Amino acid sequence: MALLEIRDVVKTFGDFTAVNHVSLSVEAGEFFTLLGPSGCGKTTLLRMLAGFEQPDSGQILLDGQNVAGVPPEKRPVHTVFQSYALFPHMTVAQNIAFPLKMAKVSQADIKARVDEVLDDVRLTQFATRFPHELSGGQRQRVAIARALVNRPRLLLLDEPLSALDAKLREDMQIELINLQKEVGITFVYVTHDQGEALALSHRIAVMNKGEVAQLDVPETIYSYPNSRFVADFIGQCNLLDATVVGIDDGKMKLEIEGVGIAEALPVPGAKVGDKGTLTLRPEKIRLGATLPAGDGHEVHFKGKVHDCLFLGDVTIYIVELDNGTLVETMLPNAASGRARFFDDNDQVELAWRFDAGHFVLA
Amino acid sequence: MRNNRLAKWLISGPPLLYLLLFFAIPSAIMAFAAFRFPGDYGGLLPLMNVNPDTGKTELLINAGNYADFLTLENFTRFFQEPVFFELFLKSFWYAGLTTVICLALAYPLAWLIARSPKKHRDLLVLMVILPFWSNFLIRVYSWMIILGPQGYFAKSINAVLGVIGIGPVQLLFSHFAVILVLVYVHLPFMVLPLYANLEKHDMNLLDAAQDLGANAWQRFWRITWPLSLPGVWAGAALVFIPALGMFAVPDLVGGTDGIMIGNLIKQQFLDSRDWPFGSVLSIMLTLAVLMLAGLATLIGRGGKRNAL
Ligand SMILES: Nc1ncnc2c1ncn2[C@@H]1O[C@H](COP(=O)(O)OP(=O)(O)OP(=O)(O)O)[C@@H](O)[C@H]1O
Ligand SMILES: [Mg+2]
């Protein structure tokens, strides 16, 4: 039985539907992420799990028990709030002891468990400081420690790293993964940062306009998005309008208007005549002045360089195809001393394996 | 650099001058007066005089002989007659009770205003300070009419009491009347700082507390109340100190039994014209308030960094 099961939950505010028929389940010990653009209903869903909002319809089951009507203070679910929400009049240790006190844990046990969790988040020497005497990253760790100390069945994290700068965020991501492994508590993690979601999660539910657009492991979400929205939202992706012109032999032929024919893996449900999108990651495209045919890169197009962006480890080349479509590609700068292989307006050739692109109908 | 310092003096100069002229110097005069002898016809025993015959100003005392013009007699009197100490105690009791009642009434009110929709808050605050639009004395006189034996309020209370066999009570000119009117007069001074504090509270903290297992009472007692203490202290000071020195209210609604230390001080200066003793009373009152404030600060500081 799944630890958490959300069944067909709907939540509306007035005539606005914030969460629309969401169903999903989370296994015990999982690091599960809700990913989606701003306003797609992530926080609303989380608040329903915590008990601050009630679903209009549908059920939320925790350990098989329907939690409808159970107030937040009675749910074995703790939240790490985006704003940290540390109690400013309490020291770090007092903040962390708070949930234990509420649960009427004995004074001696409180001391032991606070010390233990302070050690887990490496804040032992800050125990007697007040929140305003801490850095952003330290505050974040206090908030996580406070939510973890009473060992909730489920830990909810609402964009916990969004207030930190990029470098600190990366460090905290690694800490979070380790912490989650160590304590073995199930995490439901909310973010609108796709990189963070891919790096941290066991599974990701991509949300759009209150609905789950795709739910899968990060690798699948990245390589086989099920819709134009998911492909576009996760990472960099080329989106080429395409029409199915033939299916045979485990391959699908796609007409890319004004450019030519591309091949791709067949997709269930696609038939000849269907219009859709060929999604193609920049790093899966080969780029060269001339590319020999038949080295396994079955799809072959010509174009000219439109823009170059030097990023340090890689250089991005935007290539303009014959019909004016812009395709993003990249070349790593690792092996050679050169950082630039082409200049604007150079004639180049593009090629990719037939299974590198992924066709989506929607 | 120099301009900066000049600007500082120019900005702080006028208020400093004002405080010097109308607070520091008068306080010093009063402190000095507390050690002098009362004059034969009130005021202070003069230190110098204009000789009517010669028209020259003469010193009436031997400046080297302090005992001629300085005395501890006024202080001795204060400490020897228990009636003054009792009046002090009573005034502190009245002011303390007023503060506690104001707090009990103002806290829920301030909380409700702070939690009401933003667009209504200003209007609600305006209603709290509305009484200030009429004169203070008029408001106290209104209470005299309400509480007076001919008023409907007193009549209906006595009618009810009559039914259960308790004789008619006098509402006006009683301890009850003093406390009631003191509370009425000072209530806004408690509401405003409390509201200013409560309005700033971060609602996320209450959500966090609830999420971590705190019920409604625990959320109030562990989060809202401790965070509102600065407002509570500010309100308490704004109510307690003026209430302690109040003389108009006990004068008008307190009768003979209801007087407070403020009435005695006023009496010394205006009726008995014993300025030295009036000064002693004022100084003792100020010292008592300062000691109380110091004590409160110490207690507040001590409680802050306690263990888990
Ligand atoms: N209490 C409320 N009353 C009315 N509308 C609300 C309320 N709470 C949320 N909404 C609306 O519901 C939608 C989803 O909000 P939610 O906070 O869940 O988004 P989110 O996915 O968490 O976005 P973000 O990434 O910006 O935090 C938003 O359009 C928001 O305006
Ligand atoms: Mg949100």
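This is a predicted model: local features need pLDDT of at least 70, side-chain atom pairs count only at pLDDT 80 or more; totals for chains, interfaces and linings use all residues.
Two or more lining residues come from each of helix 3 (82-115), helix 9 (216-245) and helix 12 (275-302) of chain B. The volume of the second largest pocket is about 440 Å³. A pocket is an open set of points on a 1 Å grid over the protein atoms alone, where a 1.4 Å probe fits, with protein on both sides within 12 Å along at least five of seven lines; lining residues have an atom within 4 Å of a point. Grid points are joined across faces, edges and corners, and the volume is the space filled by probe spheres set on the points.

Residues are numbered from 1 along each chain as its sequence is written, and chains are lettered from A and ligands numbered from 1 in the order in which they are written. Local features need pLDDT of at least 70, side-chain atom pairs count only at pLDDT 80 or more, and totals for chains, interfaces and linings use all residues, while side-chain values use heavy atoms, with hydrogens and water left out.

In chain B, an unreviewed UniProt entry places the feature "domain: ABC transmembrane type-1" at residues 88-296. This span of chain B is 80% helix and 0% strand, and its end C-alpha atoms lie 19 Å apart. In chain A, the annotation "domain: ABC transporter", also from UniProt (unreviewed entry), covers residues 4-234. Residues 4-234 of chain A are 36% helix and 26% strand, with end C-alpha atoms 25 Å apart. UniProt positions are given in the numbering used here, feature names are shortened, and annotations may be inferred rather than shown by experiment. Helices (H or I, at least four residues) and strands (E, at least two) are DSSP runs, numbered from the N terminus.

Within chain A, strand 1 (residues 4-13) runs antiparallel to strand 4, to which five bridges join it; two strands pair if DSSP finds at least two bridges between them. A:Arg7 has A:Gln59 of strand 4 as its bridge partner. Strand 4 is also joined to strand 5 of chain A by two bridges, again antiparallel, and A:Leu62 stands opposite A:Gln65 in strand 5. The hairpin of strands 4 and 5 has two residues between the strands, and A:Asp63 there takes a positive phi near 55°. Most residues other than glycine have a negative phi. A:Asp63 counts as partly exposed because its relative accessibility is 31% (buried is under 20% relative accessible area, exposed over 50%, partly exposed in between; 1.4 Å probe, protein chains only).

Five strands of chain A form an open antiparallel sheet in the order 15-19-16-17-18. Strand 15 (286-288) and strand 18 (326-332) are the edge strands, each pairing on one side only. From one strand to the next the twist averages 40°, with axes fitted as lines to C-alpha atoms, for helices over the stretch in contact, and angles running from 0 to 180 degrees between N-to-C directions. Strand 16 (residues 299-310) and strand 17 (residues 314-321) run antiparallel and are joined by seven bridges; among the pairs, A:Gly303 has A:Leu321 of strand 17 as its bridge partner. A:Asn345, in the loop between strand 18 and strand 19 (347-352), has a positive phi near 75°. A:Asn345 counts as exposed because its relative accessibility is 54%.
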